[in-house]
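Colleague: I would like to learn how to read a few features of a model. Could you take me through them one by one?

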Amino acid sequence: MIEEVAKNIYRVGVPLPGNPLKELNSYLIRGEDSDLLIDTGFRRPACREALEAGLAQLGSDPRRRDVLATHLHSDHSGMADLFVGPGRHIYMGRVDMEFLDQFLHSGVDRRTLRFVSEGFPPELAQAVNETNPARKEAVPAVTPAFRGLEDGEVLQVGEYRLQTLLVPGHTPGNCMFWLEEQGIMFSGDHILFDITPNITEWATLDDALGDYLDSLERVRDYPVKRTLPGHRATGDYRGRIDHLLVHHRERLAEAMTVVEANPGLTAYEIAGKMTWKIRSDSWETFPMVQKWFAVGECLSHLDYLRKRDKVRREQKDGLWRYEAV
Ligand SMILES: [Zn+2]
């Protein structure tokens with residue numbers, strides 16, 4: 001599935017089988033002497049075949065291709081090394097690049113340790129990790145081809161000038177890319193339209209949700225004519241940002257209400273009392289991987305409330321338990 005979204009910019013749909021995101025939007029920008037491929041899909045055969053076929057159909061020469069990953073998540077960066085040309089570059093925000101490098105070198109999964117201390121059942125955490133694409137379908141290493149981008153840094157591809165905007169929150173070094181002259185914004189997963197970007201907790205951010213909301217405010221007033229998101233459909237840029245800001249205020253209020261009504265619960269139990277879009281009869285039968293995302297989402301909201309002295313947590317028998325301040 002290929003669509004020309006602007007002159008010399010193409011969207012290639014990369015299927016993500018079995019994943020609620022359904023599809024990744026990979027974009028190819030064609031220049032005179034180089035092509036830039038933005039985001040790649042998971043490192044798995046179905047993604048690879050779809051992207052290879054799309055790029056072949058576009059006649060993209062792999063030898064003159066650079067790759068840009070909007071952020072470290074493996075559905076975006078997982079095949080970067082397979083699609084970059086020899087001697088060419090893989091661009092990623094420097095903060096995410098360093099985080100990814102550390103993550104790929106560390107044996108213990110810090111996030112799992114935190115989730116277990118927040119009440120996530122250890123055996124369930126282990127089962128989730130066995131299927132976790134974060135490691136299994138990731139790029140194997142941050143190689144010398146990688147180039148870390150700083151906020152404001154510009155990439156030139158053909159007639160297009162892509163300005164890097166560092167928008168932490170969804171990941172620590174998540175970036176959007178702004179084409180001022182054309183009013184085009186590559187929004188990655190910072191702004192999605194028919195799904196809400198997942199905001200979880202991160203080792204290097206003590207307030208990921210606060211950072212995310214600040215990042216939304218920061219880019220809200222750009223005169224965007226067309227947003228090219230990392231997944232699914234596009235839509236009204238500013239309207240969507242306003243909707244996401246309201247959405248998280250409501251989720252914060254909901255988390256606060258649950259903590260006030262049930263002092264002493266773990267984050268795992270608090271997540272079980274919040275409302276989720278997933279159809280499930282109960283928290284017990286909630287699909288395991290979705291439970292993982294729900295608890296991460298809940299933690300980013302609890303961290304936000306904790307940072308602002310609305311809730312506090314105390315460790316009892318090895319588990320963190322929350323109450324209102
Ligand atoms: Zn992502």
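Modeller: We go through a metal site, a sheet and a pair of helices. Keep in mind that this is a predicted model.

Colleague: Which residues coordinate the zinc ion?

Modeller: The zinc ion has H71 (NE2), H73 (ND1), H170 (NE2) and D189 (OD) as its ligands, at 2.2 to 2.3 Å. Along the sequence these donor residues follow the spacing H-x1-H-x96-H-x18-D.

Colleague: What arrangement do the 4 donor atoms around the zinc ion make?

Modeller: Ideal angles at a metal are 109.5 degrees for four tetrahedral donors. Here the angles subtended by the 4 donor atoms run from 88 to 172°, so the arrangement is irregular. A tetrahedral label would need all angles between 85 and 135 degrees.

Colleague: Is H73 buried or partly exposed? And is D189 buried or exposed?

Modeller: Buried means under 20% relative accessible area. H73 has 23% relative accessibility and therefore counts as partly exposed. D189 has 3%, so D189 counts as buried.

Colleague: On to the sheet. What is the order of its strands?

Modeller: Strands of a sheet pair through backbone hydrogen bonds, either parallel or antiparallel. In this model an open sheet of 7 strands runs in the order β1-β2-β3-β4-β5-β6-β7, and the pairing is mixed. At the edges stand β1 (2–6) and β7 (146–149); each has a single partner strand, so one side of each lacks a neighbour in the sheet. From one strand to the next, the twist averages 25°.

Colleague: In which sense do β4 and β5 pair?

Modeller: β4 (residues 35–38) pairs with β5 in the parallel sense, over 4 bridges. Within this pairing, D35 has R65 in β5 as its bridge partner.

Colleague: Which helices lie on the sheet?

Modeller: Among them is α1 (residues 45–57), which lies across β1, β2 (9–15), β3 (23–30), β4 and β5 and runs at about 155° to β2. Another is α4 (residues 94–105), which touches β6 (90–93) and β7, its direction making about 100° with that of β6.

Colleague: At what angle do the axes of α8 and α11 cross?

Modeller: Two packed helices are described by the angle between their axes and the distance between the axes. The axes of α8 and α11 (residues 288–307) cross at roughly 90° and come within 7 Å. That makes α8 roughly perpendicular to α11. At the contact, L209, G210 and L213 in α8 meet S300, H301 and Y304 in α11.

Note on methods. Residues numbered from 1 in each chain as written. Predicted model: local features only at pLDDT ≥ 70, side-chain atom pairs only at ≥ 80, totals over all residues. Heavy atoms only, no water. Donors = N, O, S within 2.8 Å, 3.2 Å for Na, K, Ca; no water. Tetrahedral: all angles 85-135°; square planar, octahedral: opposite > 155°, others 65-115°. Buried < 20%, exposed > 50% of the residue type's maximum accessible area, 1.4 Å probe, protein only. Pairing = 2+ DSSP bridges. Helix = DSSP H or I, 4+ residues; strand = E, 2+ residues; numbered from the N terminus. Axes fitted to C-alpha atoms, helices over the stretch in contact; angles between N-to-C directions. Contact = heavy atoms within 4.5 Å. Parallel < 35°, antiparallel > 145°, perpendicular 65-115°, else oblique.
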